[in-house]
Amino acid sequence: QVQLVQFGGGLVQAVGSLRLSCASSGSWFRFNHMAWYRQATGKQREFVASVSPGGTTNYRDSVKDRFTISRDNTKNTMYLQMNILKPEDTAVYYCNTASGSKPWGQGTQVTVSS
């Protein structure tokens with residue numbers, strides 16, 4: 001059974017940092033283009049960043065130069081280093097393939113206070 005588990009969220013003050021992790025089950029991970037998404041209360045889920053199996057990255061404009069996505073294919077794990085956090089980054093963060101093809105996990109809450 002495919003599982004994606006997100007963790008590392010929390011409450012942080014503006015301009016603080018957090019590092020999210022996404023642990024996956026199975027060897028399918030290393031062959032897939034993976035992504036982080038987020039959903040703020042009352043809003044639709046949105047793309048945050050993606051990373052190819054070889055490490056090529058892509059970011060939404062609002063997080064460029066603040067967030068860094070990475071992956072460790074030997075551990076079937078993906079990361080999101082978030083720096084200079086802003087209140088507008090507050091959301092539940094999810095990981096999935098870049099096409100959203102796997103079952104969604106429970107996400108991890110990130111709350112940034114001003």
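**Close-up 1. Five salt bridges turn up when the whole structure is searched.** A salt bridge here is a side-chain nitrogen of Lys or Arg within 4 Å of a carboxyl oxygen of Asp or Glu. This is a predicted model, so local features need pLDDT of at least 70 and side-chain atom pairs count only at pLDDT 80 or more, while totals for chains, interfaces and linings use all residues. Residues are numbered from 1 along each chain as its sequence is written, and side-chain values use heavy atoms, with hydrogens and water left out.

**Close-up 2. Glu-46 takes part in a salt bridge with Arg-38 and in another with Arg-60.** With Arg-38, the closest N and O atoms sit 2.7 Å apart. With Arg-60, the N to O figure is 3.5 Å. Glu-46 belongs to strand 5 (residues 46–51), while Arg-60 is found in the loop between strand 6 (57–59) and strand 7 (67–72), so the pair, 14 residues apart, links distant parts of the chain. Strands are DSSP runs (E, at least two residues), numbered from the N terminus. How exposed are these residues? Arg-38 counts as buried because its relative accessibility is 5%; Glu-46 has 27% and counts as partly exposed, and Arg-60, at 25%, counts as partly exposed. The cut-offs are under 20% relative accessible area for buried, over 50% for exposed, and partly exposed in between, using a 1.4 Å probe and protein chains only.

**Close-up 3. Asp-89 and Arg-66 meet through their side chains in a salt bridge.** Here the N to O separation is 2.7 Å. Asp-89 comes from the loop between strand 8 (77–82) and strand 9 (91–97), and Arg-66 from the loop between strand 6 and strand 7; they are 23 residues apart. Are these two buried or exposed? Asp-89 is buried, and Arg-66 is buried too. Through shared partners, salt bridges join Arg-38, Glu-46, Arg-60, Arg-66 and Asp-89 into one network.

**Close-up 4. An open sheet is built from four strands in the order 1-3-8-7, with antiparallel pairing.** Two strands pair if DSSP finds at least two bridges between them. Strand 1 (4–7) and strand 7 are the edges, each pairing on one side only. On average, neighbouring strands of this sheet are turned by 15° against each other, direction ignored; axes are lines fitted to C-alpha atoms, and angles run from 0 to 180 degrees between N-to-C directions. Look at strand 3 (residues 18–24) and strand 8: they run antiparallel and are joined by six bridges. Leu-20 has Leu-80 in strand 8 as its bridge partner.

**Close-up 5. Tyr-37, Phe-47, Tyr-94 and Trp-104 are linked by ring pairs into a cluster.** Rings of Phe, Tyr and Trp (its six-membered ring) pair if their centres lie within 6.5 Å; planes under 30 degrees apart are stacked, over 60 edge-to-face, and the rest tilted. The structure has four aromatic pairs. One of them, Tyr-37 with Phe-47, is edge-to-face at 6.4 Å centre to centre, with 80° between the planes. Tyr-37 is in strand 4 (residues 34–39) and Phe-47 in strand 5. Tyr-37 is buried at 10% relative accessible area, whereas Phe-47 is partly exposed at 27%. Tyr-37 also forms an edge-to-face pair with Trp-104, at 5.2 Å and 75°. Trp-104 lies in the loop between strand 9 and strand 10 (108–113), so its pairing with Tyr-37 ties together parts 67 residues apart in sequence.
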